[in-house]
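Me: Hi! I'm new to reading protein models. Could you walk me through this one?

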Amino acid sequence: MSQLKAIQDDDLATWLPRLAAHGGPRFLQIAEALQAAVADGSLRPGDRLPPQRRLAAQLDVDLTTVTRAYDEARRRNLLEGRGARGTYVAAPKVELTAVLDLSMNTPPPPDGVDFDDMLKQGLSQVLMRADNTALMTYHLGGGSDSDRKAGATWLAPMFGHPDAGHVVVCPGAQAAIAALILALTAPGDVILAEPTTYPGLLAAATQFGRQVIAVEADRHGMVPEMLEGACRRHKPGLVYLNPTLQNPTAVTMPERRRKALAGIAQRCDVRIVEDDPYWRLAAAPPPPVATFAPDHVVYISTLSKCLTPGLRVAFVLVRDPSVRERFLAALRSFALMVAPLTAALATQWILDGSADRLMEGVRNEARLRHRMARDILAGRYSGAGDGLHVWLELPAYWTAAQLARAADREGIAVTPAEAFATGAGSANAIRISLGSIQDRGRLQAGLQRLSHLLARRPEPAGAAVV
């Protein structure tokens, strides 16, 4: 028997859900009844729904309940608004592409968190408490006092209680890296990094005319003796490290190695840029390198990898005042400020605890996805169980480039090792990102197709593809 009964009102087909006293939140009951009506054909694409106030009166609920129900239905792609003409049942969403994207490192949808509601509540609080004029005007770079205090709170798990005056608020980690290259190096200078490293560093260094040279790494990360020798040979402008769940290898550098590298930075008087986007997603990570050489290490923590990519906010801990001024001057040359509304939302979420709840949901979902990858990829899985990606070493009969092309023909996007290589050679591996596909079922399908592809040998060169 249908959960809905139709009534006639101004020649419009209207539906009324039957609300149960113990059936859960009423707005969800309304949304689920609407979904059932669409599924069984009682409501069809193009049907107009009653105005929210009229439905609230019919159901004897408050307007907010109906508004939340319609919002939830829109989130499920069931409804679409047409301005003054009203709200209509949406046409089925057409999947325009069959590509399963395992190439982009983004956080997965948070497990057990209503992100849409959190976003609305956060923005509502910002607009209620902030000076709206200040949200829409220019600000000096580096962040407001409240934004820098929020940054210090975000960095507290890593550093205890850092001085908010040492925190610079940036429009994302990539902007921070670019500004640090401009501030700490000159054209032609050398930047030392691991043999496989973050492509954003390579792109910025190339644009600015800097040379990235690889320092040998082992299963614990950059080798200290090799770094010291490279520092003495090349006199680098800076050293770039990504020591926690490294992108792309997923290696987490142990504490002893971090201390050794920090000691070399002090002895050789070289700056380290510690790009650490995944520290707060890792299980019991060691202290940052910056804790062992605070005057020689600039530390970057971005919200884009722990919370959501749309939150283009990174916090940079720079203790040396002269470096901080040079960094701010470089940053202002191409990125005057973080968008004030975005910064205010980040600050609101950090200070009211929403950021921690969202991050916990991302962390839980990421771990579920790692378990899925471990099961499907079996002996080939080499992830850490945390973070957003897996580094998959390939059987000898596949090269990374071959596999990436073959996966593309299968409708799967992966990133080959060449994209991360600092030199001519590269590992025979691919990076698989676990967060970019929103739906777990589609992720499972993509991993299964990739596993089947790995199990067979590549087509001979010149073979016909059918």
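Predicted model: local features only at pLDDT ≥ 70, side-chain atom pairs only at ≥ 80, totals over all residues.

**Helix H14 and its surroundings**

Reply: Happy to! The buried residues of H14 pack against strand S5 (100–101), helix H12 (354–377), S15, helix H13 (400–409), strand S16 (412–413) and S18. Contact here means heavy atoms within 4.5 Å, and buried means under 20% relative accessible area, exposed over 50% and partly exposed in between (1.4 Å probe, protein chains only). Helices (H or I, at least four residues) and strands (E, at least two) are DSSP runs, numbered from the N terminus.

Me: What is the mean pLDDT of the protein?

Reply: The mean is 90, and 94% of the residues reach 70 or more. pLDDT is the predictor's confidence in each residue, from 0 to 100. Over residues 1–13 pLDDT stays under 50.

Me: Back to H14. Which of its residues are buried?

Reply: They are Leu443, Gly446, Leu447, Leu450, Ser451, Leu453 and Leu454. Seen down the axis of H14, these buried residues fall within an arc of 160°, so they line one face of the helix. The arc is that of the directions from the helix axis to the C-beta atoms.

Me: And which exposed residues are on the face turned away?

Reply: That face of H14 carries His452 and Ala455.

Me: What caps the N-terminal end of H14?

Reply: Asp439 does, with a side-chain oxygen 3.0 Å from the backbone nitrogen of Gly441.

Me: New topic: what about H2, which residues are buried there?

Reply: In helix H2 (residues 52–59), Leu55, Ala56 and Leu59 are buried. They cover an arc of only 105° around the axis, which puts them on the same side of H2. Arg53 and Ala57 are exposed on the other side.

Me: What follows H2?

Reply: Asp60, whose phi is positive, near 60°.

Me: Last one: in what order do the three strands of the open sheet come?

Reply: The order is S15-S18-S17, with antiparallel pairing. Strands S15 (389–393) and S17 (415–416) stand at the edges with a single partner strand each, so one side of each is left without a neighbour in the sheet. Two strands pair if DSSP finds at least two bridges between them. S17 and S18 (residues 429–433) pair over two bridges, and the bridge partner of Thr415 in S18 is Arg431.

Conventions:
Residues numbered from 1 in each chain as written. Heavy atoms only, no water. Polar contact = N/O pair within 3.5 Å; in protein donor to acceptor, adjacent residues only side chain to side chain.
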